[in-house]
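Subject: Structure for you to look at

Dear colleague,

Here is the structure I said I would pass on.

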Amino acid sequence: MTTRGVLYVHSAPRALCPHVEWAVAGVLGTRVQLDWIRQPASPGTWRAEFSWQGESGTASKLASALRGWQMLRFEVTAEPCSTAEGERYSATPELGIFHAVIGIHGDIMIPEDRLRAALARSAQGETQLEAEIAKLLGKPWDDELEPFRYAGEGAPVRWLHQVV
């Protein structure tokens, strides 16, 4: 079963851009050429968006292929399909990688065991429950990536054709 998604490279040094393309091509099994534009939130870096289609699990393969580069900020999303939930991966140099399962209405679905672990850490005084829930929802990654998400001058505009 196939799904589709989007790779958002929020910032990459110029020297890393061809390596990102090769990594994505290796996962998708086809030549990939991204349209790179300057990233105004981080001078000297570049950004790109790429819509992809592939088998269920492609988002995790893309995230795995890109996660090793320390200077890269990216997100990979996959839409839900008949055999799998949607997913989102976010990565920053400071925080590493975040993964969330996304339901059909766009909500993050947090597994019961992760919620129980967050409650246990909070009950033991290791952390505050609010901070644990924020991490489960990916808030630290969203906070760090938000300045990079704003479209720079010349960024492509994505028109939405289907409204849920």
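Predicted model: local features only at pLDDT ≥ 70, side-chain atom pairs only at ≥ 80, totals over all residues.

The core

The largest nonpolar core has 25 residues, and V20, W36, L72, F74 and V76 are the ones that touch the most other members. At least two residues of this core come from each of β1 (2-13), α1 (17-28), β3 (45-55), α2, β4 (73-78) and β5 (86-92). The largest share is that of α1, with five residues. In soluble globular proteins, nonpolar side chains tend to be buried together.

W36 deserves a separate look. Leaving out residues up to four places away in sequence, W36 touches V9, A12, R14, C17, V20, E21, W46, R47 and A48.

How many residues of β5 are buried? Seven of its seven are, and the strand is mostly covered. G86, R88, S90 and T92 point one way from β5, while E87, Y89 and A91 point the other way; all of them are buried.

On one pairing, β4 and β5 run antiparallel over five bridges, and A78 has E87 of β5 as its bridge partner. On another, β5 and β6 pair in the antiparallel sense over seven bridges. Y89 stands opposite H99 of β6. The two strands β5 and β6 form a hairpin, with three residues between them.

Two single residues

Q39 lies in the loop between β2 (37-38) and β3. Is Q39 buried or exposed? Its relative accessible area is 2%, which is under the 20% cut-off, so Q39 counts as buried.

T58 is in helix α2 (residues 58-66). T58 is buried as well, because its relative accessible area of 7% is under 20%. Apart from residues up to four places away in sequence, T58 touches V27, L28 and W52. The C-alpha atoms of T58 and T77 are 9.6 Å apart, and the two residues are separated by 19 residues along the chain.

Helix α4 and its surroundings

Which residues of α4 are buried? They are E132, A134 and L136. These buried residues pack against β6 (96-102), β7 (108-109), α3 (112-123) and α5 (139-149). Just after α4, G138 takes a positive phi of about 80 degrees.

L129 is also found in α4, which spans residues 129-136. With a relative accessible area of 30%, L129 falls between the 20% and 50% cut-offs and is therefore partly exposed. Together with L119, I133 and L137, L129 forms a nonpolar patch on the surface. The accessible area of the four residues together is about 300 Å².

Regards

Key: Residues numbered from 1 in each chain as written. Heavy atoms only, no water. Helix = DSSP H or I, 4+ residues; strand = E, 2+ residues; numbered from the N terminus. Buried < 20%, exposed > 50% of the residue type's maximum accessible area, 1.4 Å probe, protein only. Contact = heavy atoms within 4.5 Å. Patch = residues over 30% accessible without salt bridge, like charges linked within 9 Å, V, L, I, M, F, W, Y side chains within 5 Å. Areas by Shrake-Rupley, 256 points an atom, 1.4 Å probe, with all protein chains shown as cover. Salt bridge = Lys/Arg side-chain N within 4 Å of Asp/Glu carboxyl O. Core = buried A, V, L, I, M, F, W, Y, C linked by side-chain atoms within 4.5 Å. Pairing = 2+ DSSP bridges.
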